[in-house]
Amino acid sequence: MISDNASFYKKDILPVTTFAVVLLTMPFWFRYIGGYSGLDTKIVIWIIFAIGFDILLGYMGFLSFGHAAFFGTSAYFTGLMLLHYSNNILPAITVGVISAIIMAFIIGFLTLKRTGIYFSILTLAFGEMLHSMVLSTLQDWTGGDNGLTGLPTPMLFDIKMQGDNVFYLTVIVAIVMYYIARRIIGSPFGLMLKAIKSNQVRLEYTGVHVARYKLMGFVISAVYAGVAGALMIVYEPYVASEFMGWHLSGQVVIMTVLGGVGTLFGPMLGAAFMLYFENVVSVYLGAQWLLVLGAIFMATVIFLPGGFVEAGSRIKKALTGGGK
Amino acid sequence: MAILEIRDVSKNFGGLAALGDVNLTIEEGTIHSLIGPNGAGKSTLLNVLVGLLEPDVGTVLFKGEPVLGKAPHEINQMGLARVFQTPAIFDDMSVLENVAIAAYAARDGGYAFNVFETPASAKPCIDLAKETLNDVGLFEQRKVIASHLSRGDKRRLEMALCLARKPDMLLLDEPTAGMARADTENTIKLLQRISDKGGITMVIVEHDMNVVFSLSNYISVLAQGRIIAEGVPDEIKGHPKVIEAYLGGETEE
């Protein structure tokens, strides 16, 4: 919200610093709650993906069911670059993210003319088209079902990108991208995105070129997906065909909704929760873990439409507001 | 001087002639009302003006430039703003944010990738938004979420949204529809003040004759898609064709 003195900077310092501290200290505390090295990196990668997804769903109000298209495109191009060009991650990530951007311009241009469920279905269709291309038409390039294997160990010039190095790289990228997301949301550009969600017609009649804002919002969201996809390959030099699949698209939707749509913080929490649940809690639950996760998701949607963030604010209200 | 010229505009829906050969000239700085029974084609005409509908034939010139075929946001950027029948505002945003959107749109000409805007560069827009809110009497409520406003205040907010763009012409579709008497009186005063202050040309579609006769400099009467009478309020009041159109019942739907 615009405050009277319109200070965009100050309100970003505390959340971004907190975010940075929590992530950077993760290797020291994460194992005490059952986490292990490697899972932390994966969580940070998914956090980046979820931030971008929230810009599209939470702020602009467009539910994409095909975001794996951008994650996957970037992952494949990053993998192909590492395999055929150089094991240096900088050109690989750059090409990966650019490929996601190009893909976003194409898909966005074709799908954003529709809203609501039609948009969702169109994105799902495009995502699945790419997925099937990866599996069949392009299998000489992509390795089909087996995925892209035999990638060299990624390097950042002379630094081997393994273990802690990957973790700190992803954390730094995540901090920068979180800060950028906050700036986008707080800017006039972000205000236009929120206005698209609120009332597209009014915005058009206020002299705003709505179609362009929608396309740029979509592309920004895809950049986050692309960065996450590229980092996933740096983390684990193997491109799985599932990176293109609807399952991955669905996962980011669930994370975002679970955490709290339109809060940036919520989807990050949702991403962390999902991966933690899938990899740590599931061990105690055995085969039933998916069932429990499904129940948690349903309970959240029914009782807490605002996700974890709403739960947090309700608890806070109960504690401070007392009888109110 | 004419600011808006409508030439030979016709529009058919199926076999129904919604507009037939409409010719209309709006003079700069005036308040021009369009009246007529239900189904006379008033709203169709407004929709043609803002780019929502493409007429079958005819031309519309705004400040000498053709309007037809342009997108709604382009027409708005030309200086033609529309106030809707049911207030169209950004419901879940604050009053100030609502108007700030319009101020940014005016400054950026429809699109700008300004994700790293600084507070200093945003200030003129925020100031303009506050000033506009002050003009329409909503400054005190600037932090309220728009959906919490009363209907009269929502209308005011929508006008502020349009005015922050500093338009040359305002199109108002039944600005007092569904309003209580006090709100109607306030709206009349507000429109009068806007017209006096900024010299903004207004085209008003209205059913409430009290509003029409207390505001208008000029009135055009539409019936069955045609303009049947034009003139200053006193000429229209006793015009036999107008009385026939309203009381004859033939055109009622």
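This is a predicted model: local features need pLDDT of at least 70, side-chain atom pairs count only at pLDDT 80 or more; totals for chains, interfaces and linings use all residues.
The hairpin of chain B comes first. Strand E1 (residues 2-13) of chain B and strand E2 (residues 16-27) of chain B run antiparallel and are joined by eight bridges. Two residues lie between E1(B) and E2(B) in this hairpin. One residue in the turn, Gly14(B), has a positive phi of about 60 degrees. Within the pairing, Ile6(B) stands opposite Leu24(B) in E2(B). E1(B) has a further partner in strand E4 (residues 57-62) of chain B. That pairing is also antiparallel, and it extends over five bridges. Here Glu5(B) stands opposite Leu61(B) in E4(B).

A second sheet in the description of chain B is open and has six strands. The strand order is E6-E7-E8-E3-E9-E10 (chain B), and the pairing is mixed. The edges are formed by E6 and strand E10 (226-231) of chain B, each of which pairs on one side only. From one strand to the next, the twist averages 20 degrees. Helix H1 (residues 42-49) of chain B packs on this sheet. H1(B) touches strand E3 (31-35), E6, E7, E8 and strand E9 (218-223) of chain B. The direction of H1(B) makes about 145 degrees with that of E7(B).

E7(B) is mostly covered, with five of its five residues buried. Met169(B), Leu171(B) and Asp173(B) point one way from the strand. Leu170(B) and Leu172(B) point the other way. Both sets are buried.

E7(B) has parallel pairings with two strands. Strand E6 (residues 80-83) of chain B is joined to E7(B) by four bridges, and the two run parallel. In this pair, Ala81(B) stands opposite Leu170(B). Five bridges join E7(B) to strand E8 (residues 201-205) of chain B, again in the parallel sense. Leu170(B) has Met202(B) as its bridge partner in E8(B). Asp173(B) stands opposite Val205(B) in E8(B). Between E7(B) and E8(B), the chain crosses through helix H6 (residues 181-198) of chain B. This β-α-β crossover is right-handed.

In chain A, a pair of helices was examined. Helix H5 (residues 89-111) of chain A packs against H11(A) at an angle of about 145 degrees. Their axes are 8 Å apart. The crossing of H5(A) and H11(A) is right-handed. On the H5(A) side, the residues that meet H11(A) include Ile89(A), Gly96(A), Ala100(A), Phe105(A) and Phe109(A). On the H11(A) side, they include Leu215(A), Phe218(A), Ala222(A), Gly226(A) and Val234(A). By class, this helix contact has 19 nonpolar and four polar residues, and no charged residues.

The last feature is the contact between the chains. Chain A gives 28 residues to this contact, and chain B gives 35 residues. Four helices of chain A each supply at least two residues of the side that touches chain B: helix H8 (164-186), helix H9 (188-198), helix H10 (200-204) and helix H11 (210-235). H9(A) supplies the largest share, seven residues.

Definitions and conventions:
Residues are numbered from 1 along each chain as its sequence is written. Chains are lettered from A and ligands numbered from 1 in the order in which they are written. Two residues are in contact if their C-beta atoms, placed from the backbone, lie within 7 Å. Two strands pair if DSSP finds at least two bridges between them. A residue is buried if 20 or more other C-beta atoms lie within 10 Å of its own, exposed if 12 or fewer, and partly exposed in between; C-beta atoms are placed from the backbone. A crossover is right-handed if, with the strands pointing away from the viewer, the path from the first strand over the helix to the second runs clockwise. Axes are lines fitted to C-alpha atoms, for helices over the stretch in contact, and angles run from 0 to 180 degrees between N-to-C directions. A crossing is left-handed if the near helix is turned anticlockwise from the far one by less than a right angle, and right-handed if clockwise. Ala, Val, Leu, Ile, Met, Phe, Trp, Tyr, Cys and Pro count as nonpolar, Asp, Glu, Lys and Arg as charged, and the others, Gly among them, as polar.
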